[in-house]
Structures are given as C-alpha cells and as structure tokens.
Amino acid sequence: QANAQMEIGTRIEYKITRGSWSTVEKGSGGSEIRNRTLIVTAPQTVEIQVANWAIPKPLPASTASGDLRWIDFDSQLLGSKRRITVWLPPQYRADLQSHFPAVYLLDGQNVFDNQRAAFGIEWRADETAKELAQRPDPKPLILVAIDNSKDRFDEYTPVADVISGNTVGGRADAYLEFVANELKPWVDKQYRTDRSPESTAIVGSSLGGLFVLNALHKR
C-alpha cells in the first residue's frame, strides 16, 4: 500500500516493481506490458493486480584483469565525482625508473569488465594492453578509464541544440578542460607517466569518438 498527493488533473504513467526495474511487473505470460496510466480527478484509491514479475538476471562474472586501481575523482570543473580506473602494465612494478605512455578511455564502465559494461560486453582493453606489454618488442601502457555520467550526451558533444524545448549538448570543451587540466595532472602526479603529448592518447566510441575528434581539433 502506498499513498501519494497530486494535484487534480495530474496525469501519470507508471509501473509496479519489487524495488528496481529488473523486477518490474510483466504480463501473465512474462511479456512486457504498457505503462499504467492515471488521471487524478479526486481523492481516490487505485487497486492493482500484478500478473507476473520479471526475474532479474544474474550479473555476469567479472572479467577485469591485471593491476587495477580506482578512485571517485572529485572534479571541481564538472562539479561532480567520476570513477577513474587505472590499469598498470606488468613492467610498472618491475621497472621503477621508467615512465609509460598513458591512454585515456571514455565510457570507462565499458573498458575492463563485463560486469560493469553497459551492454554486458567489455572492450578488453586490459587484455589487449597486456598482450602489447608482453610482445618481444613490448609496448607497455598505462590505461586511464573515465566513467561517464548522466550528463554523457552534454559532455561528449561540442555543439548545443534545442530538442523539445530543452537545450542539450555543447559541453565537450568544458569536459576537455577537465581531462587535460584537472585529471591528467593528477594522474601524472600519482603515476609514472610519460607526460609528453606524443605519449598521451584519448580513446572513445560513438559519442566518445565525437569527443575525441573535437579534442584533436581543439588541442
């Protein structure tokens, strides 16, 4: 039983869950159902019968590998925290004098682990970097994965547009300032990176790829 107060004339759409969308109500055969609708006309009681529930899928096994470190980085420029995951090559502990190229990867949830990836399939950046580090002509890299946020669309796109009366996009330059002038200096201080532009890269896909092209153009 739940109580709610809404103004007369309010129209809402809703579904019932058992705590999250992974346990949302379903049709009698387990099929998707349309949103329930309600227009508030007066104080009223609504009785609901749920035919079936979604069964949450178990999380896939973690596929992250190697020497991983992470932190909730508090960005003053963005006004929020972002999870940063750093992967260190096998040579990092063995060779304490060397400095290594750094690769920054957007949509960091997708980079190392099926358990965190948006579609359950990671980029395998850790496995690929390990292979590069173990070649006869080794190319050890430091990987820096930056989680996206609810503002992903705004932060990865360089041009603002008006959609359904709302201004969206156009914060890519500000996000680039975060990466170049806030996050990179911190990473360079914490880890033995080769700080030169020639040894620093940014990788992204989809809107992340658009951000990378903008970064290349601006810097």
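Predicted model: local features only at pLDDT ≥ 70, side-chain atom pairs only at ≥ 80, totals over all residues.
Strand β6, which spans residues 80-88, pairs with strand β5, residues 67-75, in the antiparallel sense. This pairing extends over 9 bridges. Within it, Asp-67 is placed opposite Leu-88 of β6. The two strands form a hairpin, with 4 residues lying between β5 and β6. Gly-79, located in the turn, has a positive phi of about 70°.

Strand β6 also pairs with strand β8, residues 142-146, and this arrangement is likewise antiparallel. Here the pairing comprises 4 bridges. Trp-87 stands opposite Leu-143 of β8. The two pairings are set out below.

| Strand pair | Sense | Bridges | Residues standing opposite |
|---|---|---|---|
| β5 and β6 | antiparallel | 9 bridges | Asp-67 and Leu-88 |
| β6 and β8 | antiparallel | 4 bridges | Trp-87 and Leu-143 |

Leaving aside residues up to four places away in sequence, Asn-35 touches Glu-13, Tyr-14 and Lys-15. Tyr-14 is 21 residues from Asn-35 along the chain, yet the C-alpha atoms of these two residues are separated by 5.4 Å. With Glu-13, the side chain of Asn-35 makes a polar contact of 3.0 Å.

Conventions
Residues numbered from 1 in each chain as written. Heavy atoms only, no water. Pairing = 2+ DSSP bridges. Contact = heavy atoms within 4.5 Å. Polar contact = N/O pair within 3.5 Å; in protein donor to acceptor, adjacent residues only side chain to side chain.
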